[in-house]
Amino acid sequence: MVETTSTGQHGHIKAETKNGDVGRRIYLGNLLYRVKPYEIEEMLNVNGFEGQVEGIHISIDAVTGRNPGYCFIDFKAREDAERALVSLAGVMIQDRPVKAGPCQPKGAERRWKSDDYKPTFQRWGDWKGSRAMSRADAQPEQGPYGALGHMDDIKRSENPARVYVGGLGKMMNQEENDKEIRGYFEGFKIVAISKRITPHPDMRSKPGGHHYCFVDFESLEEAHLAISKVNGKGVSGCGRLRLQMAGPLPTLLQ
């Protein structure tokens with residue numbers, strides 16, 4: 001299944017597919033970041049595709065719960081995928097129309113992910129349906145099920161082990177963000193690292209680093225120790241890191 005995607009010169013979404021999958025996978029875009037995989041599943045069921053979908057391939061940030069604005073739908077039959085390209089165009093999810101398009105096999109374009117890169121938390125995975133959430137053997141530690149499970153754990157915790165990391169520079173891509181943050185917290189037990197968040201426009205012209213992210217640790221003790229050891233560490237071209245225990249996520253990330 002796909003782990004990376006790319007956009008061609010004409011904006012077509014390309015993804016890795018198995019030979020037998022060609023024609024059965026479509027791209028679904030223009031999603032609000034807060035849309036969850038079970039909402040996409042419900043939309044498919046309501047629009048006549050219940051029982052005809054093999055899975056929803058989607059990325060969910062384990063810290064913010066956000067998707068990247070698109071996902072891929074794998075149908076059991078090519079005919080259903082072709083029908084979906086027509087019938088799903090403009091269908092609403094949370095009052096926003098989705099875009100449906102063909103998913104072309106990925107060519108020889110250069111990936112931004114290194115072959116040996118293993119993310120702290122693998123966001124991409126296959127959503128096989130809401131019922132799988134209740135089956136212990138169908139709940140991967142990572143991917144969309146793991147991300148939503150981690151979010152539930154954080155919500156239930158009175159004192160989540162989440163740290164705000166400020167003073168960062170602009171993010172090149174998620175791999176670089178992941179590697180940089182892990183470098184600052186080398187030796188600490190990290191569960192998940194959020195995407196790097198762009199500061200308010202008013203802050204962008206000011207000197208120093210104003211991008212930030214959130215890091216979830218395995219325990220509250222680990223989070224406090226990380227703050228005591230890493231807070232104030234110098235960042236090339238950005239000043240110093242600003243660390244503190246995180247409060248509720250900003251509204252724009254919820």
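1. Basis. The model is predicted, so local features need pLDDT of at least 70 and side-chain atom pairs count only at pLDDT 80 or more, while totals for chains, interfaces and linings use all residues. Residues are numbered from 1 along each chain as its sequence is written, and side-chain values use heavy atoms, with hydrogens and water left out.

2. Strand E3. Helices (H or I, at least four residues) and strands (E, at least two) are DSSP runs, numbered from the N terminus. In E3, 5 of the 5 residues are buried, so the strand is largely enclosed by the rest of the structure. Buried means under 20% relative accessible area, exposed over 50%, and partly exposed in between (1.4 Å probe, protein chains only). Arg25, Tyr27 and Gly29 are on one side of E3, with Ile26 and Leu28 on the other. In a regular strand the side chains alternate between the two faces of the sheet.

3. Partners of E3. Two strands pair if DSSP finds at least two bridges between them. E3 pairs with E5 in the antiparallel sense over 5 bridges, and arginine 25 has aspartate 74 of E5 as its bridge partner. E3 and E8 also run antiparallel, joined by 4 bridges; here glycine 29 stands opposite lysine 99.

4. Helix H2. Asp80, Ala81 and Ala84 of H2 (residues 78-87) are buried. They cover an arc of only 100° around the axis, which puts them on the same side of H2; the arc is that of the directions from the helix axis to the C-beta atoms. Glu79 and Val86, on the other side, are exposed. The buried residues of H2 pack against strands E3 (25-29), E5 (70-75) and E8 (99-102) and against helix H1 (37-49), where contact means heavy atoms within 4.5 Å.

5. Aromatic pairs. The whole structure has 14 aromatic pairs. The rings of tyrosine 70 and phenylalanine 72 have centres 5.9 Å apart and planes at 80°, so this pair is edge-to-face. Rings of Phe, Tyr and Trp (its six-membered ring) pair if their centres lie within 6.5 Å; planes under 30 degrees apart count as stacked, over 60 as edge-to-face and the rest as tilted. Tyrosine 70 and phenylalanine 72 are both buried.

6. The four-stranded sheet. An open sheet of 4 strands has the order E12-E13-E11-E16 and antiparallel pairing. E12 (190-193) and E16 (242-245) stand at the edges with a single partner strand each, so one side of each has no neighbour in the sheet. E11 and E16 are joined by 4 bridges, and tyrosine 164 stands opposite glutamine 244 in E16. Helix H6 (residues 220-230) lies across E11, E13 and E16, at about 155° to E16. Axes are lines fitted to C-alpha atoms, for helices over the stretch in contact, and angles run from 0 to 180 degrees between N-to-C directions.

7. Threonine 120. This residue lies in the loop between E9 (104-105) and E10 (124-127). Threonine 120 is buried, with a relative accessible area of 14%. Its side chain makes a polar contact of 3.3 Å with the side chain of arginine 182. A polar contact is a pair of N or O atoms within 3.5 Å; within protein, one must be able to donate a hydrogen and the other to accept it, and residues adjacent in sequence count only if both atoms are side-chain atoms.
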